[in-house]
Amino acid sequence: MKFKIFSDIANLTRFAAESFVEIGSRAIEEKGWFAVALSGGSTPKALYQLLASESFKNKIDWTKVFFFFGDERRVPPDDEESNFRMANENFFQLLRIPDENIFRWQTELGNAGKIAADYEQRIENFFELDVKPPAHAGGSDKKSPRFDLILLGMGTDGHTASLFPFTEAVKTGCVSGRSTVAVNYVEKLGETRFTMTFPVINNAANIIFLITGAEKAETLKEVLEGEYNPEKFPAQKVKPTNGNLLWLVDAEAARLLQ
Ligand code: 6PG
């Protein structure tokens with residue numbers, strides 16, 4: 001696990017963009033494509049804008065980048081709460097990413113189980129049809145595809161993706177027998193969320209946490225220095241089995257760490 005603290009968000013975002021390009025270019029060089037699962041929320045917005053800007057947009061072959069979402073809210077794709085909409089407006093539209101390179105949760109399918117099953121199938125089709133992860137990558141069975149990069153945030157309650165404290169998807173690691181995605185009812189929000197599960201997240205070749213803001217400091221200290229209690233602090237359960245974990249944190253969020 002690598003951990004980097006940045007004096008401000010701009011420096012953190014630039015480092016994250018450079019890491020994205022480095023990981024992506026290497027994946028494209030090695031196997032011809034780069035599969036990345038994006039995080040939602042507000043922190044990654046600046047990263048997406050920077051990657052789409054003049055200073056980064058020519059650093060990677062976007063036609064070979066395939067975008068997925070670590071989680072999604074149960075809203076239409078044009079809803080202001082939609083993680084897809086945030087990425088579409090701040091990333092995909094600016095770079096004119098073709099639809100066939102974007103794998104969003106089809107929340108318009110209505111039934112939550114159907115949305116999850118559809119997304120799981122499309123993820124599995126992508127990884128099955130195009131290429132099996134090379135043996136040296138620790139392989140992965142059909143059920144846990146191997147993303148080249150998964151971007152994650154962390155909520156002030158220690159959730160990551162939509163794996164919230166004490167929810168079913170955190171307790172069992174997966175729900176209804178699936179190990180790729182889960183429909184996760186979040187009591188405290190009173191809403192249903194869609195999320196990738198720990199088996200997929202921890203099978204990634206690279207995971208990058210983007211965490212900023214003073215309001216995250218206490219939780220980050222608990223997650224990194226407190227006792228291991230992943231039901232209470234799901235971010236603690238992010239441990240790639242055969243990959244790199246990088247925490248990018250600003251000084252405000254890191255201020256309570258030893
Ligand atoms: C979401 C995200 C979620 C996010 C955290 C942190 O759907 O909201 O996937 O897991 O990463 O809530 O959000 P911020 O980075 O905006 O604080």
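In helix α7 (residues 217-225), the buried residues are A217, T219, L220 and V223. Viewed down the axis of α7, these buried residues fall within an arc of 160°, so they line one face of the helix. The strands against which the buried residues of α7 pack are β8 (206-211) and β9 (244-250). The model described here is predicted, not experimental.

Both β8 and β9 belong to an open sheet of six strands, in which the order is β1-β9-β8-β5-β2-β3 and the pairing is parallel. Its edge strands, β1 (2-6) and β3 (65-69), each pair on one side only. From one strand to the next, the twist averages 20°. Within this sheet, strand β5 (residues 149-152) runs parallel to β8 and is joined to β8 by three bridges. Across this pair of strands, L152 stands opposite F209 in β8.

Two further helices were examined against these strands. Helix α1 (residues 9-31) lies across β1, β2 (34-38), β3, β5, β8 and β9, and runs at about 160° to β9. Helix α3 (residues 83-95) also packs on the sheet, where it touches β2 and β3; the direction of α3 makes about 150° with that of β3.

Strand β7 is mostly covered, with five of its six residues buried; a residue counts as buried when its relative accessible area is under 20%.

On one side of β7 (residues 191-196), three bridges join this strand to β4, and the two run antiparallel. Among the facing residues, R73 stands opposite R193 in β7, and E72 has F194 as its bridge partner in β7. The pairing of β6 with β7 is also antiparallel and comprises six bridges. In that pairing, Y185 stands opposite T192 of β7. Strands β6 and β7 form a hairpin with four residues between the strands, and in this hairpin G190 takes a positive phi near 65°.

R73 also takes part in the lining of the largest pocket. This pocket holds about 380 Å³ of space. Its lining consists of 23 residues, of which G40, G41, R73, G155 and H159 lie nearest the pocket centre. At least two lining residues of the largest pocket are supplied by α2 (43-51), and at least two by β4.

The loop between α2 and β3 contains S55. The relative accessibility of S55 is 36%, and S55 therefore counts as partly exposed, a class that lies between the buried limit of 20% and the exposed limit of 50%. When residues up to four places away in sequence are not counted, S55 touches R14 and L50. The C-alpha atom of S55 is separated by 39 Å from that of E191, a residue 136 positions apart from S55 along the chain.

Definitions and conventions: Residues numbered from 1 in each chain as written. Predicted model: local features only at pLDDT ≥ 70, side-chain atom pairs only at ≥ 80, totals over all residues. Heavy atoms only, no water. Buried < 20%, exposed > 50% of the residue type's maximum accessible area, 1.4 Å probe, protein only. Arc of directions from axis to C-beta. Contact = heavy atoms within 4.5 Å. Pairing = 2+ DSSP bridges. Axes fitted to C-alpha atoms, helices over the stretch in contact; angles between N-to-C directions. 1 Å grid on protein atoms, 1.4 Å probe; cavity = no way out; pocket = protein on both sides within 12 Å on 5 of 7 lines; lining within 4 Å. Points joined across faces, edges and corners; volume = space filled by probe spheres on them.
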